[in-house]
Every structure is written in C-alpha cells, then in structure tokens.
Amino acid sequence: MTSAPPDEEALDRHAEIMDLLGSIKEAIVPARELSASLVEEHRRDMQEAMRLKVELDSIYEAIERTKREIATLRYAGSQGQEINRVTDELGAIVLGTETATNAILAAAERIDELSGNLAARLSGGDQEIAREISDQVISIFEACNFQDITGQRIGKVVGAMKFVEERVHEMIEIWGGLESFKDVETLEQARDGDDALLNGPALATDKGITSQDAIDALFG
C-alpha cells in the first residue's frame with residue numbers, strides 16, 4: 001500500500017483539526033448562550049429576593065410596632081386594665097343617669113299630682129298657673145327620654161370596646177400568650193398638666209373609697 005505524500009498527510013490532519021475546532025465552537029456557542037440566560041435568570045431571582053426581603057422587613061417592623069402597642073395597651077396605665085376601667089366608667093354613667101332620671105321622674109310625677117289637686121281648688125288666673133305647671137312637668141317627662149337614648153349609645157360603645165379587647169387578647173394568644181410580651185418595650189405616655197387630674201369620680205368597686213352614704217351621714 002502506497003503512503004500519502006507528506007503534504008497531503010499534513011493537509012488531511014489540518015482538515016481534521018479544523019473540523020474538530022468547528023465542532024467545539026458549535027458546542028461552545030449554545031453553552032455560552034445558555035450561561036448568559038442562566039445569569040440573567042439568576043439576576044432576576046436576586047431582584048425578586050431583594051424585593052421580598054424589603055417586604056418581609058416591613059412586615060417584621062409592623063409586627064414589632066403592633067406588639068409594642070399591644071404591650072403598652074396591656075401593661076401601661078392601671079396594670080393593663082385601661083379598657084376594663086373605661087367600660088366600667090361608661091357603665092357607671094349609664095347607672096348614674098338612670099338613677100338620676102328615675103329621681104327626676106318621681107319628683108315630676110309628684111309635682112304633676114300636686115298641681116292637678118291645686119288646679120281643682122283654684123279658679124281664674126291661679127288655676128291657669130297650676131295648669132301651666134302641669135304642662136311644664138310634661139316637658140320634663142319628655143326630656144327624660146334622653147336616658148334611654150344615651151344608654152343605648154353608650155351600650156354600643158361598650159360593646160365595641162369589648163370587641164377590641166377580645167381581638168387584642170386573641171392577637172396576644174396568637175403570639176404565644178402574655179409571656180411572649182414580657183420583654184417587649186412599652187411606649188411610655190406620661191400625663192402632665194390638666195390631663196393628670198382627669199381621673200374622674202371613683203367607681204363603687206374601687207378600694208379604699210368612702211361611700212356616698214357615709215358622706216351623707218357625715219354632713220347629715
């Protein structure tokens with residue numbers, strides 16, 4: 001068998017090398033495009049991750065602020081009994097207005113009875129005065145309807161506040177109960193000036209409070 005001349009052999013080897021390089025180039029180009037695509041996809045994923053981190057940080061800060069507010073509401077003031085105290089105060093308002101209204105109505109009924117008896121004994125202008133007194137008593141009866149309206153409205157406010165208290169309690173339980181709030185920093189809200197004096201009259205359930213009956217007996 002006759003061997004190929006050196007020049008032809010070199011040309012064949014060169015052709016083989018060029019074919020091999022072409023194959024490698026064809027393989028490299030798709031790989032490069034795939035790599036660029038992966039880099040772009042990774043960049044988009046990183047952007048989404050950063051946006052998600054910002055959102056999570058905002059949620060975390062909101063939760064921490066909410067916990068501080070709840071801790072302040074639960075522990076500040078009268079040992080966390082601010083809402084209960086307010087509902088008791090509103091209940092006392094309803095009871096006080098009801099008691100006062102009943103007393104006014106009882107007195108008005110007595111005045112109406114007396115004016116009626118007096119009108120029956122009088123005549124002329126004096127009788128008209130007695131009737132005018134009776135008319136004014138009717139106006140008192142009508143005005144005393146305020147107690148029913150205020151009682152209903154205050155009852156709605158008390159119901160709303162109890163609803164808020166229940167929701168706060170539920171949020172506390174969601175976060176693991178009161179123990180999870182023991183290290184939460186509360187927001188101090190100091191009262192000064194006239195606000196510090198706005199304690200209002202004491203409730204009947206307060207300890208160490210002199211009853212109204214005892215005060216009346218002292219000055220009686």
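1. Let's start with Asn117, which sits in helix α2. Keep in mind as you look around that this is a predicted model. With a relative accessible area of 42%, Asn117 is partly exposed, because that label covers values between 20% and 50%. Have a look across to Ala130 too: 13 residues separate Asn117 and Ala130 along the chain, and their C-alpha atoms are 8.9 Å apart.

2. Thr87 belongs to helix α2 as well, which spans residues 82–121. Is Thr87 buried or exposed? Its relative accessibility is 12%, so Thr87 counts as buried, the cut-off being under 20%. Setting aside residues up to four places away in sequence, Thr87 touches Val158, Met161 and Lys162.

3. Now for the inside. Which residues make up the largest nonpolar core? There are six: Ile70, Ala71, Val168, Ile172, Phe181 and Val184. Helices α1 and α4 (146–174) are the elements that each give two or more residues to this core.

4. Val184, one of those core residues, is worth a click. Beyond its neighbours within four places in sequence, Val184 makes contact with Lys67, Arg68 and Ala71.

5. Finally, the outside. Leu52, Leu56, Ile59 and Ile63 form a nonpolar patch on the surface. Leu52, for one, lies in helix α1, which runs over residues 6–75.

Technical notes
Residues numbered from 1 in each chain as written. Predicted model: local features only at pLDDT ≥ 70, side-chain atom pairs only at ≥ 80, totals over all residues. Heavy atoms only, no water. Patch = residues over 30% accessible without salt bridge, like charges linked within 9 Å, V, L, I, M, F, W, Y side chains within 5 Å. Areas by Shrake-Rupley, 256 points an atom, 1.4 Å probe, with all protein chains shown as cover. Salt bridge = Lys/Arg side-chain N within 4 Å of Asp/Glu carboxyl O. Helix = DSSP H or I, 4+ residues; strand = E, 2+ residues; numbered from the N terminus. Buried < 20%, exposed > 50% of the residue type's maximum accessible area, 1.4 Å probe, protein only. Contact = heavy atoms within 4.5 Å. Core = buried A, V, L, I, M, F, W, Y, C linked by side-chain atoms within 4.5 Å.
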